Amino acid sequence: MSLKDIEGIGPKTLEKLKELGITSVEHLAEFTVEELVAVGVEYERAVKILSEAAQRVGATKPKTAIQFRQERYKVFKTGLSSFDEKTPWGGIREAFIYEFAGEFGTGKSMFAHQLAVASLASGFTARVVYIDTEGTFNDKLAEAVAKRFGADPEKVLQSILVYQPANVAQLEQIVKFEVPKHIQEGCRVLVIDTITALYRAEFVGREMLATRQQRIHYLVDWLRRHARTFNLVSILTNQVMDMPTGMAGMKTPAGGNVLAHAVNARFMMMRYNKAKPEGYMWPLDVPGMAPDVRIEYRITEAGLE
C-alpha cells in the first residue's frame with residue numbers, strides 16, 4: 001500500500017508529505033493532525049487522511065485482554081549473562097524503550113555498543129541506527145564485540161548507521177524522518193548515546209527548563225510512536241545529576257519526570273572504583289523487577305561480561 005492509495009491524498013498533498021519526509025502509510029499514521037497542519041495540509045484533509053491511514057495499519061483496532069496476554073515479543077540476548085538471567089524478558093525485548101544511566105566511566109556507552117552488535121549478531125535486526133550525540137562512537141569496540149559474538153566484524157560495521165547530530169533540531173529530524181526510512185530497510189534497534197546531552201547544552205538555565213523538558217518529551221514520544229507502530233527497540237544512555245535533596249553522593253538520571261514516565265525500563269549503573277573493572281546496575285523502574293535486584297558486570301575490551 002502506498003500513500004497514493006489513501007483517500008484525500010492528491011498530487012499536491014502527496015508532494016507536501018514527501019517533502020516532509022513521509023514515505024509510507026505506517027509512517028503517516030504516526031503523525032498528529034497538528035503536525036500536518038503545521039506544514040500546510042488543510043485541517044479537514046489532515047483529519048481525513050490520518051483517520052484512514054490509522055485504519056489501514058490497524059492502529060484503531062482494539063485487542064482483547066487475552067490477546068495482550070498471549071502476545072509474544074521477540075527478544076535478543078545481550079551477552080551479559082546476569083542481565084539476561086535476571087530481567088523478566090531474558091534479554092532485550094522489542095517495542096520497549098530502555099534507559100541506562102550512570103556517571104562517566106560506568107560502562108553505559110560500552111553496553112550500548114554491545115547491545116547494537118548483539119542485536120545484529122543474533123539476527124534480531126538487519127540494521128542499527130546509532131545516534132552519537134557526544135562523539136564517542138568507537139568502531140574498534142564494535143569490532144571487538146563482534147568478534148566476541150562470533151559475527152563478521154566487517155558486516156557488523158556495515159550494518160551500524162552512525163549519526164552525529166550537532167543540535168537538538170538535527171536529533172529530532174533524524175528520529176522523525178530518517179529512522180523510519182531505515183526501518184523499511186530492516187532496522188529494529190535504535191541507540192541514542194546520550195539522550196539528554198544536546199538538550200542540556202542547548203537549553204541552559206532555569207528559565208529554559210520547561211522548554212527543555214517539553215522538547216525531550218516530544219522526542220521520546222516519537223520513540224514511543226515507533227515502538228507502537230514498528231516494534232522498534234530504543235536504547236538510551238543518560239547522564240546523571242545530584243539529587244535536589246542535597247544528600248551527598250546521591251545521583252539521579254538527568255531529564256526529570258519526562259524520562260522517568262516515558263521509558264519502559266530504567267537501569268542505573270555504578271562503579272565504586274574506576275580503577276577496577278567491576279560494576280553493577282540495578283532497576284530504577286522496570287516492570288517485573290524488584291528494585292533490590294543487582295546485576296553484576298565486568299568491563300573488558302570487548303564489552304560487559
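Val 47 is found in helix α4, which covers residues 43-56 (helices are DSSP runs of H or I with at least four residues, strands are runs of E with at least two, and both are numbered from the N terminus). This is a predicted model, in which local features need pLDDT of at least 70 and side-chain atom pairs count only at pLDDT 80 or more, while totals for chains, interfaces and linings use all residues. Residues are numbered from 1 along each chain as its sequence is written, and side-chain values use heavy atoms, with hydrogens and water left out.

Val 47 counts as partly exposed because its relative accessibility is 36% (buried means under 20% relative accessible area, exposed over 50%, and partly exposed in between, with a 1.4 Å probe and protein chains only).

Strand β7, residues 233-238, has six of its six residues buried, so it is largely enclosed by the rest of the structure. In a regular strand the side chains alternate between the two faces of the sheet. In β7 both faces are covered, with Val 233, Ile 235 and Thr 237 buried on one side and Ser 234, Leu 236 and Asn 238 buried on the other.

Strand β3 (residues 97-102) runs parallel to β7 and is joined to it by five bridges, with Phe 100 standing opposite Thr 237. Strand β6 (residues 187-193) also runs parallel to β7, through four bridges, and here Leu 190 stands opposite Ser 234 (strands pair if DSSP finds at least two bridges between them).

The protein chain as a whole has 13 helices and 13 strands, and of its 305 residues 49% count as buried.
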